[in-house]
Amino acid sequence: MGVTGPIRVVVAKPGLDGHDRGAKVIARALRDAGMEVVYTGLHQTPEQIVDTAIQEDADAIGLSILSGAHNTLFAKVIELLKERDAEDIKVFGGGIIPEADIPPLKEKGVAEIFTPGATTASIVDWVNANVRQPA
């Protein structure tokens, strides 16, 4: 009983960060690569993001954070996914994230982090290789 259809990704901007150009570029690149993308908009709480991912039957959540709150917000999303028995939803993210913060984020369960300069092609390739394959 495999899952069919395109990969479904929720792209979200958690917290108070008001800059969403990068998130929109990533959402469009994923969509153009054949994925179904739900962009949540600005100022989402971790609870709203997890609720959306579960309601939309998402395979992954892509978080974009430029505000410096990545350690707190990524961890809260991972925690809520565990609480809701939805750990099969992969979490990846990007933004202004110091290299020193990446290993602890991955230890908490963030699958991948993309820093400034990552290409849309590299992000699409990673999602295709690491999130469930369409049937």
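Buried here means under 20% relative accessible area, exposed over 50%, and partly exposed in between, with a 1.4 Å probe and protein chains only. This is a predicted model, in which local features need pLDDT of at least 70 and side-chain atom pairs count only at pLDDT 80 or more, while totals for chains, interfaces and linings use all residues. Residues are numbered from 1 along each chain as its sequence is written, and side-chain values use heavy atoms, with hydrogens and water left out.

**View 1. Phe92 and Trp126 form a tilted aromatic pair.** Rings of Phe, Tyr and Trp (its six-membered ring) pair if their centres lie within 6.5 Å, and planes under 30 degrees apart count as stacked, over 60 as edge-to-face and the rest as tilted. The structure holds three aromatic pairs; in this one, the centres are 5.4 Å apart with 50° between the planes. Phe92 lies in strand β4 (residues 90-95) and Trp126 in helix α5 (residues 120-130), so the pair ties together parts that are 34 residues apart in sequence; helices (H or I, at least four residues) and strands (E, at least two) are DSSP runs, numbered from the N terminus. Phe92 and Trp126 are buried.

**View 2. Phe114 and Trp126 form an edge-to-face pair.** The ring centres of Phe114 and Trp126 are 6.1 Å apart and the planes stand at 80°. Because Phe114 belongs to strand β5 (residues 112-114) and Trp126 to helix α5, this pair ties together parts that are 12 residues apart in sequence. Both Phe114 and Trp126 are buried.

**View 3. Phe92, Phe114 and Trp126 form one aromatic cluster.**

**View 4. Asp85 lies in the loop between α3 (70-83) and β4.** Asp85 is exposed, with a relative accessible area of 69%.
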